[in-house]
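Open the model in your viewer and keep the sequence panel at hand. The stops below each begin with something to select.

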Amino acid sequence: MAINHKHDEPFSTEAYREARPHKVGPDDGPEPPFPIVMYGLVQAGFGRGSKELGCPTANLPEEAIRPMTSQCKAGIYYGYARVHQPPKGAPVDLGEQGIEVHPMVMSLGWNPFYKNEKMTAEVHVIHEFEHDFYGHEISVVVLGYIRPELDYTSRDALKEDIATDIQVTLNSLGRPAYTKFKNDTTWSHAKIK
Ligand code: ADP
Ligand code: MG
């Protein structure tokens, strides 16, 4: 699934939505190019209302997402993420659970603010945080591809698909060959430059 074609046609079919699988990727573990590890400081995004949709997405800096953008097409991906302790002296304390490894669902997409010449990666961590964590370090391991970007005609359809993506992520990560990445500190504690 290592394809890098630029502008995949977004498509929108009810048939596709209804036929979505409940689990994705091989049962015996991630297939190349996965796992893909990323690390960087969480940046402010463009405030496209992710929070209003109940799905805040942490933006990673351009350098950090190169391992993805160089090998993968736009779409929705899943894996694990870990938000690190706050920078020294920061007022925000995420608590013990906040800095654990959590499942994540990520959107890799072309950014209209850069005339679709640059990609962005936005990570929704499947955990209720008590505070925002802008400026924190985040480590991510991407384990598989879920679906292409779809063309949305309604907010409800988008919300439904996000809920399905989260369920697909949890089902897919429930297999031992994926769950084992949760305790793998080679990605969750690594500081890649
Ligand atoms: P932005 O446009 O700045 O990315 P969002 O509405 O997408 O704004 O919110 C993203 C921010 O919300 C993240 O940078 C992070 O600080 C915070 N946040 C809180 N909970 C989560 C979560 N579960 N997953 C991702 N980000 C979260
Ligand atoms: Mg965001």
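**Stop 1: the salt-bridge network**

Select Arg20, which counts as buried because its relative accessibility is 7%. The model is a predicted one. Arg20 forms a salt bridge with Asp161, with 3.7 Å between the closest N and O atoms. Arg20 lies in the loop between helix 1 and strand 1 and Asp161 lies in helix 4, so this pair ties together parts that are 141 residues apart in sequence.

Asp161 is buried, with a relative accessible area of 3%, and Arg17 is buried at 13%.

Now extend the selection to Arg147 and Asp165: Arg17, Arg20, Arg147, Asp161 and Asp165 are linked in a network of salt bridges. The count of salt bridges comes to eight.

**Stop 2: along helix 4**

Where does the side chain of Thr169 reach? The side chain goes to the backbone oxygen of Asp165, at 2.8 Å. Thr169 counts as buried because its relative accessibility is 0%.

**Stop 3: a salt bridge between two loops**

Select Lys51 and Asp132, whose side chains meet in a salt bridge at 3.0 Å, N to O. Lys51 lies in the loop between strand 1 and strand 2, and Asp132 in the loop between strand 5 (119-125) and strand 6 (137-147), so the pair ties together parts that are 81 residues apart in sequence. Lys51 counts as partly exposed, at 48% relative accessibility, and Asp132 is also partly exposed, at 41%.

**Stop 4: ligand 1**

Select ligand 1 and display the residues around it. There are 19 of them, and Gly45, Gly47, Val125, Phe133 and Tyr134 come nearest. Then show the side chains that place a polar atom by an oxygen atom of ligand 1:

- Tyr134, at 2.7 Å
- Asn59, at 3.0 Å
- Ser50, at 3.1 Å

On its own, ligand 1 has 560 Å² of accessible area, and the protein covers 93% of that.

**Stop 5: the magnesium ion**

Select ligand 2, the magnesium ion. Which protein atoms are its donors? They are the O and OG1 atoms of Thr57, lying 2.2 to 2.3 Å from the ion. Thr57 sits in the loop between strand 1 and strand 2.

**Stop 6**

Select Phe46, which is in the loop between strand 1 (36-41) and strand 2 (58-59). Is Phe46 buried, exposed or partly exposed? Phe46 counts as partly exposed because its relative accessibility is 36%.

**Stop 7: a distance to draw**

Finally, select Val24, in the loop between helix 1 (14-18) and strand 1. Val24 counts as buried because its relative accessibility is 8%. Draw a line from the C-alpha atom of Val24 to that of Glu63: the two are separated by 28 Å, and these residues are 39 residues apart along the chain.

Methods: Residues numbered from 1 in each chain as written. Chains lettered and ligands numbered in written order. Predicted model: local features only at pLDDT ≥ 70, side-chain atom pairs only at ≥ 80, totals over all residues. Heavy atoms only, no water. Helix = DSSP H or I, 4+ residues; strand = E, 2+ residues; numbered from the N terminus. Buried < 20%, exposed > 50% of the residue type's maximum accessible area, 1.4 Å probe, protein only. Donors = N, O, S within 2.8 Å, 3.2 Å for Na, K, Ca; no water. Near = heavy atom within 4 Å. Polar contact = N/O pair within 3.5 Å; in protein donor to acceptor, adjacent residues only side chain to side chain. Areas by Shrake-Rupley, 256 points an atom, 1.4 Å probe, with all protein chains shown as cover. Salt bridge = Lys/Arg side-chain N within 4 Å of Asp/Glu carboxyl O.
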